[in-house]
Amino acid sequence: PEFIDELSLLQDQAPEFPFSEVQRIFLEETGRKMDDVFAQVNEKPLASASIAQVHRATLLTGQEVIIKVQRPVIDQLLIDDFDILIHLSRKVPKSMSKVVDLTESFEQMKASSIIELDFCNEANSIQRFQHLNAQVVPVGVPKIYPEWTTTHLLVEEFIDGSSIKETEQLRILGYDLEEISRKLVLAYLKQVFKDGFFHGDPHPGNLIIKEGKIYFIDFGIMGELSDGSKKSFNKLLQAIAVKDIDAMTEVCLELGNPRESIDKRKLYFDMEQLSDRYFSNNLFHTSVSAFIADFVKMFNYHDIQVPSELSILVRSLSILEGVLQMITPELNLLEISRDYLKENSSLDSLTQSFSKEKILIQGYTLLKESSQLPLHFSELLKQLINGRALIRLDVEDADKKWRDVKKMFNRLAVALLTAGILWMSALIFQSNSGENIGKFGFAIAALLGVWLVISILKSDGL
């Protein structure tokens with residue numbers, strides 16, 4: 001808790017930098033003095049976070065806005081820090097980072113941070129997020145002013161509302177905190193499962209409640225899933241809703257990167273246990289953090305590596321769970337998620353992907369294949385009668401078992417050879433002139449016998 005409390009200050013209570021620096025940066029970025037653009041600017045920052053400082057202002061046209069100004073030299077400091085972490089991560093033994101490739105993760109974080117440090121990218125993210133969520137009634141997005149947005153500056157609409165963590169004020173204003181929590185989670189799940197483009201830093205300082213809407217602000221960190229990952233997550237969504245363990249196991253293998261051959265039966269069993277534990281009827285005492293921890297342990301046990309693109313999603317869900325615990329501790333993220341999964345995996349939603357054209361094509365294919373069945377069956381009977389039918393068996397770990405069989409026959413051959421040498425040496429030793437040759441044969445047989453015993457002991461064969 002002590003570390004969490006201290007690090008949470010970086011969300012909006014980091015040390016301030018002087019207003020004179022704000023004026024200097026604005027002049028350098030736009031070529032205009034702030035007095036030429038704003039009727040009034042509050043010198044005291046509204047918030048001061050790890051990357052930027054925010055000041056409230058009023059444009060000459062009367063609109064209330066905020067000016068987001070990047071901290072001086074923070075770009076170079078941050079990149080240098082990531083370079084150090086990447087260098088150190090290469091020294092970490094692979095056995096200590098089986099689930100996630102540390103170097104790849106830090107490189108992805110560095111790339112994301114470089115994008116975050118360019119506020120033009122953030123402006124584009126706001127516009128994209130606004131477009132994707134235009135029909136989501138409970139979600140609000142601030143308007144941006146592109147003419148005053150540069151690499152180190154971002155001017156956007158001021159959302160004069162209440163932070164989601166100001167629970168007492170929200171109650172006084174008549175808000176139902178449970179309703180806010182449910183709308184927040186459902187909106188976020190839509191961003192992940194449907195859009196594949198989600199807010200990467202949903203901490204309380206970035207969630208404002210105004211006029212019945214949840215406004216997302218600060219779009220510096222955004223998560224994006226590839227088409228393949230989004231497709232896999234939607235398959236996981238449907239599998240969880242109907243508790244299809246086979247499909248859940250298949251998705252795990254799609255999302256992860258197995259380093260070695262996988263015991264699918266054991267993976268299935270572990271997935272079934274996770275499903276029973278976290279998606280049973282009683283989810284009140286279950287946390288996303290605990291689920292993720294067990295999920296990672298399972299991947300680690302089976303030596304499956306998680307793709308680094310999922311790291312932002314894992315982090316974001318953990319932050320979102322913290323928000324829920326703060327405002328409505330009686331609610332549970334997984335419980336709300338399960339309701340979303342059931343609703344969005346209904347028969348109606350599943351049949352939406354089937355068009356009339358698809359059904360006709362699949363029906364034709366089925367009829368065509370069915371018409372060939374009598375011919376195939378007749379051919380099979382002929383092969384059985386003529387003795388030409390072959391049965392192929394796929395044996396699990398066939399290569400390993402075949403190696404074991406070869407070892408067994410090799411040892412048998414060595415044992416027979418040793419016995420033969422002993423027998424011949426005994427016959428030669430009994431002859432008048434073969435004493436030395438017989439002794440030599442006994443020595444060879446003894447060496448072969450010792451080697452055979454040692455090889456059997458090493459393989460735990462006794």
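Biologist: Which residue stands opposite isoleucine 66 in strand 6?

Modeller: Glutamate 156. Bear in mind that this is a predicted model.

Biologist: How do strand 4 and strand 6 pair, and over how many bridges?

Modeller: Antiparallel, over five bridges. Strand 6 covers residues 153–157.

Biologist: And strand 3, how does that pair with strand 4?

Modeller: Also in the antiparallel sense, with seven bridges. Strand 3 runs over residues 52–59. Threonine 58 faces glutamate 64 of strand 4 across that pairing.

Biologist: What about the hairpin of strand 3 and strand 4, how many residues sit between the strands?

Modeller: Four. One of the hairpin's residues, glycine 62, has a positive phi near 100 degrees.

Biologist: Is strand 4 largely enclosed or open, and why?

Modeller: Largely enclosed by the rest of the structure, because six of its seven residues are buried. The strand spans residues 64–70.

Biologist: Which residue pairs with lysine 68 in a salt bridge?

Modeller: Aspartate 218, with the closest N and O atoms 2.9 Å apart.

Biologist: How many salt bridges in total?

Modeller: The count is 17. Another one joins lysine 235 and glutamate 250, at 3.4 Å from N to O. Lysine 235 belongs to helix 8 (residues 227–242) and glutamate 250 to helix 9 (residues 245–255), so this pair links parts 15 residues apart in sequence. Lysine 235 is partly exposed at 28% relative accessibility, and glutamate 250 is partly exposed at 41%.

Biologist: How accessible is glutamate 21? And arginine 24?

Modeller: Glutamate 21 is partly exposed, at 21% relative accessibility. Arginine 24 is partly exposed too, with 34%.

Biologist: How do strand 9 and strand 10 run?

Modeller: Antiparallel, joined by four bridges. Strand 9 is residues 207–210 and strand 10 is residues 213–216. Leucine 207 sits opposite phenylalanine 216 of strand 10.

Biologist: New topic. How many disulfides?

Modeller: Zero, from a search of the whole structure.

Biologist: Cysteine 252, buried or exposed?

Modeller: Buried, at 2% relative accessibility. Cysteine 120 is partly exposed, at 30%.

Biologist: Last one. Which residues form the nonpolar patch with about 440 Å² of accessible area?

Modeller: Met408, Phe409, Leu412 and Leu416, on the surface. Leucine 412 is in helix 16 (residues 398–430). That leucine counts as partly exposed, at 45% relative accessibility.

Note on methods
Residues are numbered from 1 along each chain as its sequence is written. This is a predicted model: local features need pLDDT of at least 70, side-chain atom pairs count only at pLDDT 80 or more; totals for chains, interfaces and linings use all residues. Side-chain values use heavy atoms; hydrogens and water are left out. Two strands pair if DSSP finds at least two bridges between them. Helices (H or I, at least four residues) and strands (E, at least two) are DSSP runs, numbered from the N terminus. A disulfide is a pair of cysteine sulfur atoms within 2.5 Å. Buried means under 20% relative accessible area, exposed over 50%, partly exposed in between (1.4 Å probe, protein chains only). Patches are made of residues with over 30% relative accessible area and no salt bridge: like charges are joined within 9 Å, nonpolar side chains (Val, Leu, Ile, Met, Phe, Trp, Tyr) within 5 Å. Accessible areas come from the Shrake-Rupley method with a 1.4 Å probe; for residues, only the protein chains shown count as cover. A salt bridge is a side-chain nitrogen of Lys or Arg within 4 Å of a carboxyl oxygen of Asp or Glu.
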